[in-house]
Amino acid sequence: ALNPQEEALDQYALAIRWSEFADAWAFVDPGLRQMQPLTDLEMQRFKQIQVTGYELKGRAPSPDGGLEQTVEIRLINRNTQLERTITDHQSWRWDPAAKRYWLTSGLPDFSAQ
């Protein structure tokens, strides 16, 4: 069986890899989801994106028991058919009560260059 860290990271990676952003959103820290809910505009933007690659570039534990992860994401804009690559810096925290990891850095910023 996978440990909770591997399970969270693997499931999140799959959701992003298959452009299932609603599924990926479920991994975002509940506090952050409450403070910064996804807007209709953001959801529309996600629908324009087809992820073509998700590659782990680095992972390191953070002092607070969570972890930092850097991922390279390749994507195609469905409208323009242009492919580009972004670097996503992820921060994950361990939630002892829920016994799971939460993504505290939010979903990837696909508008980043």
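In this predicted model, strands S1 and S2 pair in the antiparallel sense over eleven bridges. Within this pairing, arginine 59 stands opposite glutamine 69 of S2. The two strands belong to an open sheet of four, ordered S1-S2-S3-S4, with antiparallel pairing. S1 and strand S4 (100–103) stand at the edges. Each has a single partner strand, so one side of each is left without a neighbour in the sheet. Neighbouring strands of this sheet are turned against each other by 30° on average, direction ignored.

Helix H1 (residues 4–17) lies across S1, S2, strand S3 (83–95) and S4. The helix runs at about 155° to S1.

The loop between strand S1 (49–61) and strand S2 (67–77) holds glycine 66. This glycine has 5% relative accessibility and therefore counts as buried, the cut-off being under 20%. Beyond its neighbours within four places in sequence, glycine 66 is in contact with Pro61, Trp92, Arg93, Trp94 and Tyr101. Glycine 66 and serine 91 are 25 residues apart in sequence, yet their C-alpha atoms are 7.4 Å apart in space.

Six aromatic pairs are present in the structure. One of them joins tyrosine 12 and tryptophan 92. Their ring centres are 5.3 Å apart and their planes stand at 80°, so the pair is edge-to-face. This pair links distant parts of the chain, with tyrosine 12 in helix H1 and tryptophan 92 in strand S3, 80 residues apart. Tyrosine 12 is buried, at 0% relative accessibility. Tryptophan 92 is also buried, with a relative accessible area of 2%. Together, Tyr12, Phe27 and Trp92 form one aromatic cluster.

Phenylalanine 21 and phenylalanine 110 form another edge-to-face pair, at 5.4 Å centre to centre and 65° between the planes. This pair too links distant parts of the chain. Phenylalanine 21 lies in helix H2 (residues 21–25), whereas phenylalanine 110 lies in the segment after S4, 89 residues apart. Both residues are buried: phenylalanine 21 has a relative accessible area of 4%, and phenylalanine 110 has one of 6%.

Arginine side chains also lie over aromatic rings. Arginine 17 lies over the face of tryptophan 18, at 5.8 Å from the ring centre. Arginine 100 lies over the face of tryptophan 102, at 3.7 Å from the ring centre.

Methods: Residues are numbered from 1 along each chain as its sequence is written. This is a predicted model: local features need pLDDT of at least 70, side-chain atom pairs count only at pLDDT 80 or more; totals for chains, interfaces and linings use all residues. Side-chain values use heavy atoms; hydrogens and water are left out. Buried means under 20% relative accessible area, exposed over 50%, partly exposed in between (1.4 Å probe, protein chains only). Contact means heavy atoms within 4.5 Å. Two strands pair if DSSP finds at least two bridges between them. Axes are lines fitted to C-alpha atoms, for helices over the stretch in contact, and angles run from 0 to 180 degrees between N-to-C directions. Rings of Phe, Tyr and Trp (its six-membered ring) pair if their centres lie within 6.5 Å; planes under 30 degrees apart count as stacked, over 60 as edge-to-face and the rest as tilted. A charge sits over a ring if NZ of Lys or CZ of Arg is within 6 Å of the ring centre and within 35 degrees of the ring normal.
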